[in-house]
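Please look over the model shown here.

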Amino acid sequence: MTTCVVVKKNNQIAIASDSLVTFGDTRLSHAYEANNKIFQVGSSFITLAGTAAHFPVMRKLMLGMGDGCKLDTREDIFETFSSIHTILKDQYFLNTKEDDDDPYESSQITALVANPHGIFGIYSYREVFSFERFWGIGSGRNFALGGMYAVYDQDLSAHQIAEIGVQAGVEFDKSSAAPLRIHSFLMMP
């Protein structure tokens, strides 16, 4: 899968990911394709965890939404991902079924959003979380979370903490690999 993180510290925000794509037991490293798991929509950077099919679909869909793709607040993100869910079903034939006792249809999406307004996580039932320090998704998330937790209170920037998080995922998760991709910027005042 992947290791993706977002970090907020001292008015700086960072989003980072590894660059490995896997298909079952097959690894498609950076040496074979310049995999980039982070894409930009306006002032927001988005990264996803899950099937590789999500990346081209979500990139095309979100960029094509124009002003309808609002990602500045938790409420905006919820509305945008609710609209995305309908589009995924109608135009991209999303399989919404996960378990028989699901409370809602699943969007099958786990994502992180970072922009000058904050850092956010989105999960398959369109749950949106706004984080104050850091968070991670993907198969390497537990390693990343541990690494970022261990260094967050040190004199490091959000960029450095995000790098440490993804490096921890790359070091210990079999489905994550370098090189890392990192974007960092200042928060809105």
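Buried means under 20% relative accessible area, exposed means over 50%, and partly exposed lies in between, with a 1.4 Å probe and protein chains only. By that cut-off Ser 175 is buried, with a relative accessible area of 14%.

This is a predicted model: local features need pLDDT of at least 70, side-chain atom pairs count only at pLDDT 80 or more, and totals for chains, interfaces and linings use all residues. Residues are numbered from 1 along each chain as its sequence is written, and side-chain values use heavy atoms, with hydrogens and water left out.

**Helix H3**

Helices (H or I, at least four residues) and strands (E, at least two) are DSSP runs, numbered from the N terminus. Helix H3 covers residues 141-151, and its buried residues are Ala 144, Leu 145, Gly 147, Met 148 and Val 151. Viewed down the axis of H3, these buried residues fall within an arc of 165°, so they line one face of the helix. The arc is that of the directions from the helix axis to the C-beta atoms. An α-helix has 3.6 residues a turn, so residues three or four places apart point the same way. Asn 142, Tyr 149 and Ala 150 are exposed on the other side of H3. The buried residues of H3 pack against strand E1 (4-9), strand E10 (134-137) and helix H4 (158-172). Contact means heavy atoms within 4.5 Å.

| Residue | Location | Relative accessible area |
|---|---|---|
| Ser 175 | loop between H4 and strand E11 (181-186) | 14% |
| Lys 8 | strand E1 | 10% |
| Phe 23 | strand E3 (residues 21-23) | 48% |

Start with Ser 175. A polar atom of its side chain lies 3.3 Å from the backbone nitrogen of Met 1. Beyond its neighbours within four places in sequence, Ser 175 has contacts that include Met 1, Thr 2, Asp 18 and Ser 139.

Which side chain makes a polar contact with the side chain of Lys 8? That of Glu 132 does, at 3.4 Å. A polar contact is a pair of N or O atoms within 3.5 Å; within protein, one must be able to donate a hydrogen and the other to accept it, and residues adjacent in sequence count only if both atoms are side-chain atoms. The backbone oxygen of Phe 131 also lies 3.4 Å from a polar atom of the Lys 8 side chain.

Phe 23 counts as partly exposed. Leaving aside neighbours within four places in sequence, Phe 23 is in contact with Leu 28 and Ala 52. The C-alpha atoms of Phe 23 and Met 1 are separated by 8.9 Å, with the two residues 22 apart along the chain.
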